[in-house]
Amino acid sequence: MRSTRRDRRQLLGMAYATPLAVIVGVFFLVPLALVMWMSLHDWPLLGEPTINLPANYTRIADNSLFVDAVWFTLTYTIIVTVVLFTAAFGLALLVQRHRPGVGLFRTAFFLPGAVGFATASLLFYGLLSRDLGPLNPILSALGIINKPVSWVSGSPNLALASSIGLVVWRFAGFNMLILLTGLQAIPEDVYEAATVDGAGRWQQFIRITVPLLRPTIALVLILMLTGSLLAFDQFYILTNGGPDNSTTSVVMVIVREAFTRFDLGSAAAVSVVVLATLIMFNVLQLQVLRRGDRPEDR
Amino acid sequence: MVWGGSGCGKSKEAKPSGNPDDGTKITMWTRAATETQSKLLVDAYNASHKNKVELTPIPTDNYAQKIATAAGGKSLPDLFAADVIFAPNYTSKHLFLDITARIDALPFKDSLAPAHIKLGTYQGKKYAVPHTLDLSVIFWNKDLYTKAGLDPEKGPTTLKELAEHAKKIQALGGDIAGTTEAGNCGGCGVFTLWPSVWAAGGDVMNAEGTQGTLDTPQVKAVMSIWRQLYADGIAEPGSKDEQGPTWVGRFQSGKVGVAPMPSTTLAMMEGAGLKVGVIPIPGPDGGQSTFVGGDVLGISATSEHADAAWDFLAWSLSEAAQVEVLAKHKDLIARTDLAENKYSAADPRVVTTLKVIAQGRTPFALNFNQTFNDPQGPWLATLRGALFGPDLDKALADGNAKVTASLSQK
Amino acid sequence: MSAVTRSPGGRTGYYTTMTALAILFLFPLVWAGWASVKPTPGSGQQSGYGFGNFVALAHYGHGLPTYFLNSAVVAVMTVIGTLVVSVPAGYAFARFRFPGRDLLFLATLAILMVPYPTLLIPLYVLLGWLGLQNSLVGLALVLMMFQLPFAAFIMRNSFEAVPRELDEAAMLDGCSSFQVLTRILLHAVRPGIVTVALFAFLASWSDFVVPLILISSPDKSPLPVAVVNMQQRVFGSIDYAVLEAGVVVLALPCVLLFLILQRGYVRGFMSGSLRG
């Protein structure tokens, strides 16, 4: 009796998950398999591919541009995740209170998300332009700088800061919203009970808010970390990977292999390596963040 | 592994008729940067022929990506334009159809811009014809010249003279700059600096495009002049980090005295209210040259409408198209035998530009893009090292080694 | 929610901070709006303030209405598709155990871990096999796929946050699993659904690279591709006036949509459906 019910539940579960399985299978796994297949070949644009395993993979280590890009991407990921998470979480905490006008503030923070990332990058390029953008005149007028600064390519640090500024502007609101959804799901009563028990605001934050927010924090961190490791548009458009290749990311190297050198096999190989790394990394991350948190299946 | 079998879902070519103008639909891709000229030709062709060309402009920065994807999916359009310096890359990858016989049958085949034909030739076979032309020339701002006490009708005839003119203009003060360059843009540097090297009798690489010759006296002479301009603040300091998007806009703002610019931007500059003088790019002590850029057009190797596509190609090079469409619109034409036509004679600057095509070059290299245009390539690093780095000789020597390695990479 | 400081000093401090932050976030967009109407030499708006650049945008190629409509159609299809796929999937992940569940979830998340330029060529080929090349439907399916990691994760979290007592009470009343979903749970996970729909819309409305690669006919191009085409001039130089106009046109529907949905959001939270 019990096993029939369990089987029925299993079938039902599979039925509900089928549309997802179909789309993921057809539109993701099939192309992915193709990419893996391509990584084993010398793949010309037109004409027949020839197997060249393991050349595409062994040449990766010799690609100095790639090696430097890995270091840069890792550094960038750590910095931007810390900054972006702090900003998004801070904003979420600020806008969760039901004060008059908070809806307007929420909209203001989220609005940059209404612009596509490629367009946002171009927008920032104009905004930060040393001679044609408004930033330098405004900062001079305020007395913060005394001569024009080249924000986007004056130095590696400036280029990095500009990219981080763009990303925070564009994505803080987006992540704020996700965190807000999670924050709003925590019932008032829990806080009220804690206040009655004498817990202060900070204690409530650490003992109630953060633990209950874990699944949401997990999602946000996965999105941020993975997104940063795969960062492309902001460097491609805003800094061009410069100055002097100081902001060249891993995906930029992949795109260069594919669409500048037209070496599709090599691009595919690097992509496979990146994917494998990210999968391992995210499996670890998911286990750490979700540990002891899954509601028991009854 | 074979994928995307050709012919699946596509209409077969119309039965071969004697007349290639039989109402076929021809697909053509062009770069957004040259859309205007392509569209003029396409519209004129469609109005006077049964065939119809469907033109799709593609964002310039993503053009290579689109071509690569379409090639990978074996569904290139019938015709596609290509930046002329990338043509060797495309022809060596067999993306274009061999049209040697068709080109050689044209009565005016010897008057087609030689630089473009050369770049469209691979291993003795011809694959592409000139489509649009863009040359690098020196623009000077006549009003600023007058203000600085220079003769507004006389542009610089040597690079050293350019430096002197720029210095006088810089002295006007305010936010006026003597000259400008795009200090963080490899492709711009190629376009504006190499002609000075050619004018001085030198070159940046060998004829086959497999070895760099950047550590030669002519290159050094040109670089040191520009290096000095930056060191003295005569070249706009902000342009040191210019990646390209706002490079032309700097001159257009009216705040720059004299600088190398693309010839096709002349109309835009005048539209902004500037009075512009045009002169070919000189070498350090004289001579003249230009970078003959622009686009070539070819039939894709997988096209099923080659005859109809050729009909458009051939027509685009005819007098009707070159003179009555392009020249009338004040665009440069690809045929040297039509250089002096009723429209070009109207503006002496156009005549100047057309005449210098004969002294201009389009450098040939299979790996041009990844070496010279790509921001991650070795040329940009060499350029920046030479202009802004501590040691000019070392920058050129080291850079040349890396450039050679990239040019000869398989 | 944490206890709120109601002192006047705290309140002024709050509003000052918030206003300063709001200005910081809004400034680039405001600048874009201003730059799209100010006089710029060589643009559609040569002298004086006005909408010349917008006029130029409207007349480009096949006309603004065509591109706008293409974008709208693709966005709507993507949103509907994403919801139809991710809501039941979230339900399945949260409430059911079945073989391959975790593997499917990981496979879905893996979509985030592949650099999207890598998938573009195989996707292009795949759409050709399915007869969906150069079609808005094909484009919507691909854009939907890219939304699924985020959507599935949000829906799973949303369903998991609903106490199981609700399910069990309904099932005791004789509801089937489908009825539990439609009658009870859908309302409880409404904020999640709204979030997923909103983000799916925004992503598909403003995406540039995927439609660029998958659509070849100019009359089927969505708005972002047309706008970028308009901007790009000789030697990589950008027509900034048109860019700003394009930004305004692209952002406006998203702004309106968000403002409208905002009210539903707040109400959803305040209705207390999530209180234990």
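Leaving aside its neighbours within four places in sequence, which residues is Ser289(B) in contact with? They are Pro195(B), Trp198(B), Ala199(B), Pro280(B), Ile281(B), Gln359(B), Gly360(B) and Arg361(B). Keep in mind that this is a predicted model. Here's a quick tour, starting with that serine and chain B, then moving on to a helix in chain A and a pair of helices in chain C.

**Ser289 in chain B**
- You'll find Ser289(B) in strand S9 of chain B, which covers residues 286-289.
- Ser289(B) has 23 other C-beta atoms within 10 Å, and 20 or more is the mark for a buried residue, so Ser289(B) counts as buried.
- Take Arg361(B), one of the contacts of Ser289(B): 72 residues separate the two in sequence, yet their C-alpha atoms are 7.6 Å apart in space.

**Chain B as a whole**
- Chain B has 17 helices and 10 strands.
- Its radius of gyration is 22 Å, close to the 22 Å that the globule rule gives for 410 residues, so chain B is as compact as a globular protein of that length.
- If you boxed up the C-alpha atoms of chain B along the principal axes, you'd need roughly 70 × 50 × 30 Å.
- Of the 410 residues in chain B, 59% are buried.
- Among the contacts in chain B with a separation of 6 or more, 75% are between residues 24 or more positions apart.

**Helix H5 in chain A**
- Over in chain A, helix H5 runs through residues 117-127 and is mostly covered, with 11 of its 11 residues buried.
- The buried residues of H5(A) include Phe117(A), Leu122(A), Leu123(A), Phe124(A), Tyr125(A) and Leu127(A).
- Also on that buried list for H5(A) are Ala118(A), Thr119(A), Ala120(A), Ser121(A) and Gly126(A).

**Helices H7 and H8 in chain C**
- In chain C, look for helix H7 (residues 164-172) and helix H8 (residues 177-188), whose axes come within 10 Å and cross at roughly 155 degrees.
- An angle over 145 degrees counts as roughly antiparallel, and H7(C) and H8(C) are therefore roughly antiparallel to each other.
- The crossing of H7(C) past H8(C) is right-handed.
- On the H7(C) side, the residues that meet H8(C) are Leu166(C), Asp167(C), Ala170(C) and Met171(C); on the H8(C) side, they are Val180(C), Arg183(C), Ile184(C) and Ala188(C).
- Sort the residues of this contact between H7(C) and H8(C) by type and you get six nonpolar, two charged and no polar.

Terms used: Residues numbered from 1 in each chain as written. Chains lettered and ligands numbered in written order. Predicted model: local features only at pLDDT ≥ 70, side-chain atom pairs only at ≥ 80, totals over all residues. Axes fitted to C-alpha atoms, helices over the stretch in contact; angles between N-to-C directions. Helix = DSSP H or I, 4+ residues; strand = E, 2+ residues; numbered from the N terminus. Parallel < 35°, antiparallel > 145°, perpendicular 65-115°, else oblique. Left-handed = near helix turned anticlockwise from the far one by under 90°. Contact = placed C-beta atoms within 7 Å. Nonpolar A, V, L, I, M, F, W, Y, C, P; charged D, E, K, R; others polar. Buried ≥ 20, exposed ≤ 12 C-beta atoms within 10 Å, placed from the backbone. Rg over C-alpha atoms; globule rule 2.2 N^0.38 Å.
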